[in-house]
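Dear colleague,

Please find below the structure that I am handing over to you. My notes on what was found in it follow directly after.

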Amino acid sequence: MPITENIRGYRRPARGTQPEYLHPSYVSSIKRAPTKALVAIPQTLSEITGPQFTPNDIGLAITDLTRQHQQSPMGERIIVAGRVLDEDARPVPRTLVELWQANAAGRYLHPLDQHDAPLDPNFTGFGSALTDDEGRYRFVTIKPGCYPWRNHNNAWRPAHIHFSLFGPAFATRLVTQMYFPGDPLLASDPIYNCTADADARQRLIAHFDWDATIPETALGYRFDIILRGREETPMEHRN
Amino acid sequence: MSPQATTSQTVGPFFRIGFDRLNCAKLATRDVAGERIVLEGRVLDGDGAPVPDAVIEIWQADSLGKYDHPEDRQDKPTHSGFKGYGRVATDNEGRFCFRTIKPGPVPGPSGSTQAPHLVVSVFMRGLLKRLVTRIYFPGDSEQAQDPILLLVAPERRRTLVAKADPANSGSLRWDIILQGPQETVFFDF
């Protein structure tokens with residue numbers, strides 16, 4: 001039995017606020033970006049549903065990345081906290097947030113990372129948690145280091161933390177990166193600069209936040225993440 | 001002004017640090033009803049070289065065509081224990097493999113029916129945002145009327161249909177070709 005109700009889809013991004021696939025200054029995109037136009041389709045039940053995770057699925061939340069080992073990791077301890085909201089500023093509750101990052105020296109705990117900087121036996125660099133009923137998340141970690149990469153001569157990635165989010169639907173899936181205010185490497189980073197809209201880029205930079213800062217312990221950064229909002233009216237299908 | 005969706009950024013080469021914990025290559029436990037399938041493929045770049053650092057996610061309905069999600073309000077029994085989500089990374093040869101069940105047909109726009117399919121997200125270094133595609137199954141008659149396949153140029157539809165392995169029942173092959181004449185169809189919605 002087909003359902004008779006109409007599908008209320010998720011909004012398309014505002015112009016320029018999402019990257020194009022091909023961004024030649026990011027060299028890895030050249031052989032991996034699709035060359036044919038994407039096929040525009042209506043959202044169906046397959047796109048407006050998506051995996052929902054419970055504590056049972058993800059195991060214990062890892063919200064303090066400085067306490068995964070016997071001792072504290074090297075580096076500047078920080079709090080990264082924020083809210084996951086939709087484009088109507090409504091909280092996205094109980095949605096999975098995953099994050100991963102380099103250590104304070106700019107080295108990932110990954111066999112492919114050949115950067116000549118030390119690994120830290122007390123730092124894995126991975127966290128995951130569900131947002132609370134108001135869409136909030138909060139992690140304790142250390143500030144990741146900058147590191148060189150081979151995209152172009154003398155290329156260095158600004159300090160960043162990777163975020164992965166699911167939201168309520170397949171349509172709302174998002175992987176992004178959070179940056180730090182005042183980083184001089186942002187201006188020359190082809191990944192940060194892949195998006196045409198300057199305000200959209202700026203929103204990838206966390207805000208230093210006194211309210212999240214813990215005296216004598218850790219500086220706080222606020223990073224709110226916005227997922228696609230719902231269309232106001234059901235989609236018209238003109239196939 | 002209402003907020004705008006956060007800009008996508010590449011998953012980069014080191015996502016395994018974050019993603020391994022939730023990886024799932026085997027979607028259906030033994031008690032889940034449905035036809036067992038093994039879906040294998042490779043991811044190939046514009047030079048035809050394997051992509052060893054991609055992550056593939058799938059989302060699918062159960063064997064009756066119902067999604068484990070509160071917005072699927074179809075009057076169909078819910079199979080407990082089948083979530084319908086899978087995630088794997090490619091290996092050094094660009095290969096990936098999922099073991100799951102074949103989903104049933106699901107409703108499409110305006111009272112239409114979509115042929116059985118999985119929806120797929122592809123992430124990798126070099127992709128500043130995910131690619132989205134679909135996997136359909138060989139020989140399903142519903143495909144002739146599938147509202148999404150009908151939007152794809154006929155000569156490209158085969159990139160969305162897995163191939164059966166005649167020697168191995170339930171074994172399906174489906175590759176992701178990022179560029180070129182055989183380029184996989186990717187969607188925008």
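Two strands are said to pair if DSSP finds at least two bridges between them. Helices (H or I, at least four residues) and strands (E, at least two) are DSSP runs, numbered from the N terminus. The model is a predicted one, in which local features need pLDDT of at least 70 and side-chain atom pairs count only at pLDDT 80 or more, while totals for chains, interfaces and linings use all residues. Residues are numbered from 1 along each chain as its sequence is written, and chains are lettered from A and ligands numbered from 1 in the order in which they are written.

A sheet in chain A

In chain A there is an open sheet of four strands, in the order β4-β3-β8-β9, with antiparallel pairing. Its edge strands are β4 and β9 of chain A, each of which pairs on one side only. On average, neighbouring strands of this sheet are turned by 20° against each other, direction ignored; such axes are lines fitted to C-alpha atoms, for helices over the stretch in contact, and angles run from 0 to 180 degrees between N-to-C directions. As background, strands of a sheet pair through backbone hydrogen bonds, either parallel or antiparallel.

β3(A) and β4(A) run antiparallel and are joined by five bridges. Within this pair, A:Val97 stands opposite A:Ala129 in β4(A), and A:Glu98 stands opposite A:Ser128 in β4(A).

Chain A has three helices and twelve strands. Its radius of gyration is 19 Å, which agrees with the value near 18 Å that a compact globule of 239 residues would have. The radius of gyration is taken over C-alpha atoms, and the globule rule is 2.2 Å times the number of residues to the power 0.38. The C-alpha trace of chain A spans about 60 × 40 × 35 Å along its principal axes, and 41% of the 239 residues of chain A count as buried.

Chain B has one helix and twelve strands, in the pattern α-β-β-β-β-β-β-β-β-β-β-β-β along the sequence. The radius of gyration of chain B is 17 Å, close to the 16 Å from the globule rule for 189 residues, so chain B is as compact as a globular protein of that length. Along its principal axes the C-alpha trace of chain B spans about 50 × 40 × 35 Å. Of the 189 residues in chain B, 48% are buried.

Two residues are in contact if their C-beta atoms, placed from the backbone, lie within 7 Å. Among contacts between residues at least 6 apart in sequence, 72% in chain A join residues at least 24 apart; in chain B the share is 71%.

Where the chains meet

How many residues does each chain bring to the contact? Chain A gives 73 residues and chain B gives 65 residues. Among the elements of chain A that each supply at least two residues to this side are β1 (39-40), α1 (45-48) and β12 (225-227). The residues on the side of chain A that touches chain B divide into 38 nonpolar, 23 polar and twelve charged. In this count Ala, Val, Leu, Ile, Met, Phe, Trp, Tyr, Cys and Pro are nonpolar, Asp, Glu, Lys and Arg are charged, and the others, Gly among them, are polar.

Strand pairing also crosses between the chains: β1(A) and strand β12 (residues 187-188) of chain B run parallel and are joined by two bridges. There, A:Val39 stands opposite B:Phe187 in β12(B).

The largest nonpolar core has 103 residues, of which A:Val80 and B:Phe123 touch the most other members. A nonpolar core is a set of buried Ala, Val, Leu, Ile, Met, Phe, Trp, Tyr and Cys residues joined through C-beta atoms within 7 Å. Not counting residues up to four places away in sequence, B:Phe123 touches A:Val175, B:Val11, B:Phe15, B:Ala54, B:Val55 and B:Arg130.

Yours sincerely

Terms used. A residue is buried if 20 or more other C-beta atoms lie within 10 Å of its own, exposed if 12 or fewer, and partly exposed in between; C-beta atoms are placed from the backbone.
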